[in-house]
Amino acid sequence: MVLLSQEASWLSFNRRVLEQTQRPDFPLLERLRFLAIWATNLDEFFAARISRAFAEERGSPAYQAILAEARAQAEEAGQLYREFLKALEGLHIHVLEPAQLTRAEQQYFGAYLAEEVAPLTDLIQPEALTDLSSQALYFASGEGPLQYLIRLPQSVPRLLEVPGREGGYVRLGALVRMRSDLFLPSNQKLPLYEFRLVRLAQLARSRADWDELPEALEDRLDGQVSHLELEEDFPASWAEALRGALGLLPEEVFRLLPPLDLSFVATLVQQGPPSEKFKPLAPEKPKGFAKDPWSYLQRRDLLLYHPFEDYGAVEAFVEAAASDPKVRVLRATLYRIGEENGLANALLRAARLGKDVAVLLEGRARFDELANLEWSLRFQGAGVRVLPLPDKKVHAKALYVRRGEHEYVHLGTGNYNPINGRLYTDLSLFTAHPALTADVRAFFDSLEAGQPPQLRILRTGPAIRDLILEGIRGEAHEKGEIILKFNHLTDPAILEALEAATRQGARVHLIVRSTLTALWEGAHVRSLVGRFLEHARIVAFRNKGRWQVWAGSADAMPRNLDRRYELFFPILNSRAKGKVLEILKAQLADDRNAYVLTPGGQERRWGGRHDAQRWG
C-alpha cells in the first residue's frame, strides 16, 4: 500500500482540474472556466486544506514537495493564461494592455480610476505589513526602500470593458500601474509591483453557537499567513522584508508572472459568446410528481440523478408542502444554500402560514458562515425555528414533511443549493417508506432535544463506518465485488479493509473525485473530472448477486464519520437500486473524463466513446 498525504492527494486533483483547460472536446470558454476554477481551488488550498501540514510539517521534505507541486501548477497556469489570450483573439476577445488603448480611452480610464477606484483604495504604510488582508490584490512601491503599499478595492471588478470596443477588456491592475500617480502621495509616479497573500481561515471557536458566530467570524480575520505571491520582478530586498514580517519560509513565497490570481478570467467566460460554451442542459422532469407528490410517493419511491433530472423537483416538493393546508410540519437540514434559495423561501412562506417549521441551519459551514448567519435572521423573522447548533456539524441532507397522518422525506447527497443542484452530480431520494420517515423524524427530534440520534435503518456518525466495513468484509472473497464512490476517501480503517478484501480476491472499484490517501495493486481506482462536479456518495456491495446500495451525505473521512452528523440511506426500491447501479457502471466504463489512479501515478483516459457525464 502506498500512502499519500491529504494535501498531496488534493493537489493531484487540482492538477486534474488544471488539465481540463486542454480538453480537445470542450469549447474554448469552458476550458478557460477551468483555469478560474483551478485558481479559486488553489486559494482554498492555502486558506484551509494546508492547515494541518502548515501546523505540523513546515520545513519537512514532504511539506516542501507539496509546495513545489503547488508552485509548478501556478507557473503552468500562468503560461496557459497567456496561451488563452492568443486563442481568445479568434473570438474577437482582447485583453489589452494600457499602451494598446487610444489616448481617449486612456483619458477615460484615468478619470474612472480617479472617480471610482482611488477613493476606495487604501494606502498603507510598510509598518502595517502584518495586518494585510487575505486574497486582496496589493501593489508595493517606493524610491529605494519599500515605502508604500496599495490595496486595491475588492468591490471593483478586476477586468473592465473598454467602452466602444466590443470584446475589448483591460485589467484593473494594469490601469493602476499606468496611473500610479493617482494612488501615491504627492502625485508621485513610481513603478508598482504586484503581490497578494493568503491566510488560514479557521473559526476561533469551532463550536460557536448562533449568538457567538458573529464574533467568531471577526476573529477569523487574524489567521496566520500561509502563502505569499509576488510578481516576478518584485525587488529582492522588499520581498525579504515581506517574507520576514509575515513569518514565512522561503518556499512559501512564489514568484510568478503577473497577473496574479487568475480567477478573474471567469468574467471572460461569463460574457463570452454562447457558441463557445456548453449547450444548456435540459433536465428531465419526473412526470406527475410536482403536481401531486403525496399521491406519487404513496405508490412508489422516486430517485433522481441531478443535474440530468430536474433539481427543481426538490424545490417543488417543499413548495407543495408550504402551500398545502394539510401539511402541518416541515423540517430541513441546510448547509450551503447560497444567497438566493427557492427552497428556503418556501420554508419562510410555510412558517408565515402558521406551519411548524424548524431548520438545522449549519452556521459553521466553512466560507458560508456569513450567508447562513443572514439566513438565520430571515428565518427567525418569519417564525421558523432555527435549532441550536449541536456539538457536531450537521452535514446531513434531509427534508421531512408531515401531511395529515402521513410522513414524507427527501434524502440527498448534495446541498440544498439551486446553483449546485444544476452543476453537481447528486442523488435525490423521495420516499414515504415508514421506516425511513420514522428515522428522519427521530433524527430531527433528537438533535432538537440535544441528544445523539438513535436510528434504526439510517446511519449517522461512526455507524456509517460500521456499515461500510461490514459491507467490505462481507465481500472479502473471490466472488466479492465492491463499488465505492466518494469525493474524499481517507478513513484508515476503510482503506485497510479494502486492501484486505483485494488480497482475498474481491473486485474493488473506487471512484474518488478528489482526495485518496492510499493506493495499492489490484484495486481499480479512478477519478472523474469533467463538465459537472462529481458529488454523489454511494456504496454498493454485490452480496451474492443481490446488490446492497446505500447513498448519503458523508465522505469517507474520519472528520465526517466521527465529528459530524451525516446521514446514509439505503436504496430499497429495486427499480431505484438498478438505476444507481447503472450510473456506477457507466462511470466505471467512462473513458472521456476519467483518470486511472495507481501507486505509480495517474493516467488520463480521454477521447473514448463512453461519457458518463452524458447520462440518460
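Angles under 35 degrees count here as roughly parallel, over 145 as roughly antiparallel, 65 to 115 as roughly perpendicular and the rest as oblique. The model is predicted, so to speak of local features takes a pLDDT of at least 70, side-chain atom pairs count only at pLDDT 80 or more, and totals for chains, interfaces and linings use all residues. Numbering starts from 1 along each chain as its sequence is written, and side-chain values use heavy atoms, with hydrogens and water left out.

Take the helix pair: the axes (lines fitted to C-alpha atoms, for helices over the stretch in contact, with angles from 0 to 180 degrees between N-to-C directions) of α12 (residues 342–352) and α13 (residues 369–382) come within 8 Å and cross at roughly 25°. The two helices, DSSP runs of H or I with at least four residues, are therefore roughly parallel to each other. Contact (heavy atoms within 4.5 Å) is made by Ala344, Asn345, Leu347, Leu348, Ala351 and Arg352 of α12 and by Trp375, Arg378, Phe379 and Ala382 of α13.

Over to alanine 554, which sits in the loop between β25 (548–552) and α17 (558–562); strands are DSSP runs of E with at least two residues. Leaving aside neighbours within four places in sequence, alanine 554 touches Ile464, Phe486, Arg537, Asn560, Leu561, Glu566 and Phe568. Threonine 460 is 94 residues away in sequence, yet 8.9 Å away in space, C-alpha to C-alpha.
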